[in-house]
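Okay, thanks everyone, I'll keep this short. Have a look at the chain on the screen while I walk through it.

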Amino acid sequence: MSGRATPFHCPYCGEEDLRPQEEPRSAWLCAGCRRVFTVEFLGLNLSKEAGQ
């Protein structure tokens with residue numbers, strides 16, 4: 001499994017032209033708004049209360 005989560009669009013402007021950045025670690029650059037952001041997978045919530 002890859003250590004880098006792959007976003008499909010920028011969370012700020014919705015642009016889909018994203019490019020990986022080396023710094024900060026696992027960051028993405030949005031070509032539309034020029035923001036650099038990271039995506040982090042924290043895990044799954046498997047509790048029964050989560051589906052209610």
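Let's begin with H9 and what touches it. If we skip the neighbours within four places in sequence, H9 is in contact with G14, E15, E16, L18 and F37, contact being heavy atoms within 4.5 Å. H9 is found in the segment before β1, and strands here are DSSP runs of E, at least two residues, numbered from the N terminus. With a relative accessible area of 46%, H9 counts as partly exposed; the scale is buried under 20%, exposed over 50%, and partly exposed in between, with a 1.4 Å probe and protein chains only. H9 also sits 8.4 Å from C30, C-alpha to C-alpha, and those two are 21 residues apart in sequence.

Quick word on where this comes from: it's a predicted model, where local features need pLDDT of at least 70 and side-chain atom pairs count only at pLDDT 80 or more, while totals for chains, interfaces and linings use all residues. Residues are numbered from 1 along each chain as its sequence is written, and side-chain values use heavy atoms, with hydrogens and water left out.

How many aromatic pairs does the structure hold? There is 1, and the rule is that rings of Phe, Tyr and Trp (its six-membered ring) pair if their centres lie within 6.5 Å, with planes under 30 degrees apart called stacked, over 60 edge-to-face, and the rest tilted. The partners are Y12 and F37: ring centres 6.3 Å apart, planes at 70 degrees, so that's edge-to-face. The pair links distant parts of the chain, with Y12 in the segment before β1 and F37 in strand β3, 25 residues apart. Buried or exposed, for F37? F37 is buried, at 5% relative accessibility, whereas Y12 is exposed at 52%.

On to the sheet. The chain has 3 strands and 0 helices, helices being DSSP runs of H or I, at least four residues. The 3 strands make an open sheet, ordered β1-β2-β3, with antiparallel pairing; two strands pair if DSSP finds at least two bridges between them. β1 (18-21) and β3 (36-38) are at the edges with a single partner strand each, so one side of each has no neighbour in the sheet. From one strand to the next, the twist averages 35 degrees, using axes as lines fitted to C-alpha atoms and angles from 0 to 180 degrees between N-to-C directions. Between β2 (residues 27-30) and β3 there are 3 bridges, and W28 has F37 as its bridge partner in β3.

Then the cysteines. How many disulfides does the structure hold? The count is 0, where a disulfide would be a pair of cysteine sulfur atoms within 2.5 Å. C13 is in none, and its nearest cysteine sulfur, that of C30, is 3.6 Å away. C33 is in none either, with the sulfur of C30 as the nearest cysteine sulfur at 3.7 Å. Both are partly exposed: C13 at 40% relative accessibility, C33 at 26%.

Last, the whole chain. Of its 52 residues, 17% are buried. Among contacts between residues at least 6 apart in sequence, 13% join residues at least 24 apart. That's my bit, thanks.
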